[in-house]
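Dear colleague,

I am passing the structure below on to you, together with notes on what turned up in it. Please read the notes with the coordinates open beside them.

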Amino acid sequence: ASRESLSEAYQLLGETKASSDAEIKKAYRRLMSQHHPDKLVSKGLPEEMMKIATEKTQEIKAAYELVRRSRKAT
């Protein structure tokens, strides 16, 4: 993974390299909870918002995976 995408991943999660694994996991769970399509369905959001929410959760998941992989590598 390139440094740029890794720093973007941290930014998306609202954390930094200095954050602990626990802080990063907490941020990931909080963001997934906020943006998860199933949660938004219950709020009655329109279909196009659901598509955006799905993309957002995929971005969050990818960012979290990238951060986790980079931490295991060091």
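**V67 and its surroundings**

Not counting residues up to four places away in sequence, V67 touches L6, A9, Y10, L13 and I24, where contact means heavy atoms within 4.5 Å. This is a predicted model, in which local features need pLDDT of at least 70 and side-chain atom pairs count only at pLDDT 80 or more, while totals for chains, interfaces and linings use all residues. Residues are numbered from 1 along each chain as its sequence is written, and side-chain values use heavy atoms, with hydrogens and water left out.

V67 lies in helix 4, helices being DSSP runs of H or I with at least four residues, and strands runs of E with at least two, numbered from the N terminus. V67 counts as buried because its relative accessibility is 1%; buried means under 20% relative accessible area, exposed over 50%, and partly exposed in between, with a 1.4 Å probe and protein chains only. V67 and E8 are 59 residues apart in sequence, yet their C-alpha atoms are 9.9 Å apart in space.

**Overall picture**

The protein has 4 helices and 0 strands, so that from the N terminus on its elements run α-α-α-α. Its C-alpha trace spans about 45 × 25 × 15 Å along the principal axes, and of its 74 residues 30% count as buried. Among contacts between residues at least 6 apart in sequence, 57% join residues at least 24 apart. The protein exposes about 5,300 Å², of which carbon and sulfur atoms supply 52%; accessible areas come from the Shrake-Rupley method with a 1.4 Å probe, and for residues only the protein chains shown count as cover.

A53 is found in helix 4 and is buried, with a relative accessible area of 5%. Leaving aside its neighbours within four places in sequence, A53 is in contact with H35, P37 and L40, and its C-alpha atom is separated by 9.3 Å from that of Q34, which is 19 residues away along the chain. T57, also found in helix 4, counts as buried at 8% relative accessibility.

**Charged side chains**

How many salt bridges does a search of the whole structure find? The search finds 2, a salt bridge being a side-chain nitrogen of Lys or Arg within 4 Å of a carboxyl oxygen of Asp or Glu. In one of them the side chains of D21 and R71 meet, at 2.4 Å from N to O. This pair links distant parts of the chain, with D21 in helix 2 and R71 in helix 4 (residues 47-73), 50 residues apart. D21 is exposed, its relative accessible area being 52%. E65 forms a salt bridge with R68, where the closest N and O atoms are 3.7 Å apart; E65 and R68 both lie in helix 4, 3 residues apart, which is about one turn of the helix. E65 counts as partly exposed at 32% relative accessibility, and R68 counts as partly exposed at 34%.

E15 deserves a separate look. E15 is found in the loop between helix 1 (3-13) and helix 2 (21-35), and is buried yet has no salt bridge, the nearest side chain of opposite charge, R30, being 4.9 Å away. Lys and Arg count here as positive and Asp and Glu as negative, whereas His and the chain ends are not counted. Leaving aside its neighbours within four places in sequence, E15 is in contact with Y10, E23, I24 and A27.

**A nonpolar patch**

L45, M49 and I52 make a nonpolar surface patch of about 240 Å²; patches are made of residues with over 30% relative accessible area and no salt bridge, like charges being joined within 9 Å and nonpolar side chains (Val, Leu, Ile, Met, Phe, Trp, Tyr) within 5 Å. L45 has its place in the loop between helix 3 (37-41) and helix 4, and is partly exposed, with a relative accessible area of 32%.
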